[in-house]
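Welcome! Take a look at the structure, then try each task before reading on.

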Amino acid sequence: MSKARSSLLRSGLIHIALITYTLIALFPVFLTLVNSLKARNAIFREPMALPTPKTFSLVGYETVLKQGDFVGYFQNSLIVTVVAIALVLLFGAMAAFALSEYRFRGNTLMGLYLALGIMIPIRLGTVAILQGMVATGLVNTLTALILVYTAQGLPLAIFILSEFMRTVSDDLKNAGRIDGLSEYAIFFRLVLPLVRPAMATVAVFTMIPIWNDLWFPLILAPGEATKTITLGAQMFIGQYVTNWNAVLSALSLAILPVLVLYVIFSRQLIRGITSGAVK
């Protein structure tokens, strides 16, 4: 009974800590949403106050929708993020399965090599990446961003998924082989369903840096037709004057997909984070 109570207590503390952290992390989001619905003077005079009939204003959203192709920027960000996440999950899961399932010479070195991408920021290779994109004619295309973000997300995905795949029962996989399942069938039909919490965790952790990134869209795809939502919001920030209503409104609209994804995958995300913490 003592072990069971200790396990339940530990699980409860973990969930309380996660909920508390979520509330703290969401407070800046709430503040951004609230101030996007207020007039400019009210933003600076009472930034913590809720909108009132006197301070309520939608001028920021009107400016965002009238200036620039905000819908196009949103679409570009959505395409890049969804495709990059799909590629990261697919190739990351396949590489993690190979590293965790098969024993071959250089297995450990290969794992360490792939893990280097977590420690070495991809932005250090910006000049080489830009030169490669120019040589291949991919500058000002969404393909360039998708390739870079896929390479950026793979190391962490492989590291997380390989650890989860090592916990999948060997008896289950061997039973599938005895029944005549191919390695691809074992991977897609037996292993992937068991690591869904890890997949959700990787998806969330991969989406946020991609969706919020400004560096690579500014370097690789600054054209009007390929701007992402984060880059498009910079048009309201000037050297001397900044349209704070428009900036906060653009950021509020950009936050919505991240919140929706978190709500959808929240249960799987918590399971993925806390997996192995409670015995």
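**Exercise 1.** At roughly what angle do the axes of helix α9 and helix α10 cross?

*Solution.* Keep in mind that this is a predicted model. Start by finding the two helices: α9 spans residues 183–194 and α10 spans residues 196–212. Their axes come within 5 Å and cross at roughly 70 degrees. Angles of 65 to 115 degrees count as roughly perpendicular, so α9 is roughly perpendicular to α10.

**Exercise 2.** Which residues in α9 and α10 meet?

*Solution.* On the α9 side, look for Leu192, Pro193 and Leu194. Their partners in α10 are Arg196, Pro197 and Met199. Now sort the contact of α9 with α10 by class: five residues are nonpolar, none is polar and one is charged.

**Exercise 3.** Which residues does the UniProt annotation "transmembrane region" cover?

*Solution.* According to the unreviewed UniProt entry, the annotation covers residues 12–31, 78–99, 111–130, 142–165, 186–211 and 244–265. Next, examine two of these stretches in the model. Over residues 111–130 the chain is 70% helix and 0% strand, with its end C-alpha atoms 27 Å apart. Over residues 186–211 the chain is 96% helix and 0% strand, and there the end C-alpha atoms lie 33 Å apart.

**Exercise 4.** Is Asn140 buried, partly exposed or exposed?

*Solution.* First locate Asn140 in the loop between α6 (126–136) and α7 (142–165). Its relative accessible area is 36%.

Notes. Residues numbered from 1 in each chain as written. Predicted model: local features only at pLDDT ≥ 70, side-chain atom pairs only at ≥ 80, totals over all residues. Heavy atoms only, no water. Axes fitted to C-alpha atoms, helices over the stretch in contact; angles between N-to-C directions. Helix = DSSP H or I, 4+ residues; strand = E, 2+ residues; numbered from the N terminus. Parallel < 35°, antiparallel > 145°, perpendicular 65-115°, else oblique. Contact = heavy atoms within 4.5 Å. Nonpolar A, V, L, I, M, F, W, Y, C, P; charged D, E, K, R; others polar. UniProt positions renumbered as here; feature names shortened; annotations may be inferred. Buried < 20%, exposed > 50% of the residue type's maximum accessible area, 1.4 Å probe, protein only.
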